[in-house]
Amino acid sequence: MLQIYHNSRCGKSRQCLALMQNSNLEFEVIHYLTHPPSFDELATIIEKLNIKPIALVRQKEKIWIENYKDQKLDDKQIILAMISNPILIERPIVVKGSKAIIGRDLVKVSTFIS
């Protein structure tokens, strides 16, 4: 089943959710700010995205700049930072089976979910 990791305060995430709602496909909405993924869940998402953990971090967020920016963090520490501060997770994320995409480009999301 399709999943969207959604932040209702984010315009891009709302647009992606609307696209998925209009697709008439079944999907699960995960409000990751109130229900953050576990370490293993986030590690699996990162693997499905085929990226390094740092590529999923919103590096302009105040929390990142103040607490992590100038530190030498390994992949595990970066994932732990995102779990502790889910606002740091780039959004939205759309998961389909063994693949995932960061859903900021609606054309790519449309192709991905079809």
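Trainee: In this predicted model, where is E90 found?

Mentor: The model is a prediction, and the elements on either side give the position of this residue. Helix 4 covers 75-84. Between that helix and strand 3 runs a loop, and E90 is found in this loop.

Trainee: Is E90 buried or exposed?

Mentor: The relative accessible area of E90 is 14%. A residue counts as buried under 20%. Because its value is 14%, E90 is classed as buried.

Trainee: With which residues is E90 in contact, leaving aside its neighbours within four places in sequence?

Mentor: Neighbours within four places in sequence are set aside here. The contacts of E90 are then L56, R58, I102 and R104.

Trainee: What is the order of the four strands in the open sheet?

Mentor: The pairing in this open sheet is mixed. Its edge strands, each pairing on one side only, are strand 2 (27-31) and strand 4 (99-102). These two therefore stand at the ends of the order, which reads 2-1-3-4.

Trainee: How many bridges join strand 1 to strand 3?

Mentor: Strand 1 spans residues 2-6 and strand 3 spans residues 93-96.

Trainee: At what angle does helix 2 run to strand 4?

Mentor: Helix 2 (residues 39-49) lies across strand 1, strand 3 and strand 4. Helix 5 (residues 106-113) also packs on the sheet, its direction making about 15 degrees with that of strand 3. For helix 2 and strand 4, the angle is about 85 degrees.

Conventions. Residues are numbered from 1 along each chain as its sequence is written. This is a predicted model: local features need pLDDT of at least 70, side-chain atom pairs count only at pLDDT 80 or more; totals for chains, interfaces and linings use all residues. Side-chain values use heavy atoms; hydrogens and water are left out. Two strands pair if DSSP finds at least two bridges between them. Contact means heavy atoms within 4.5 Å. Axes are lines fitted to C-alpha atoms, for helices over the stretch in contact, and angles run from 0 to 180 degrees between N-to-C directions. Buried means under 20% relative accessible area, exposed over 50%, partly exposed in between (1.4 Å probe, protein chains only).
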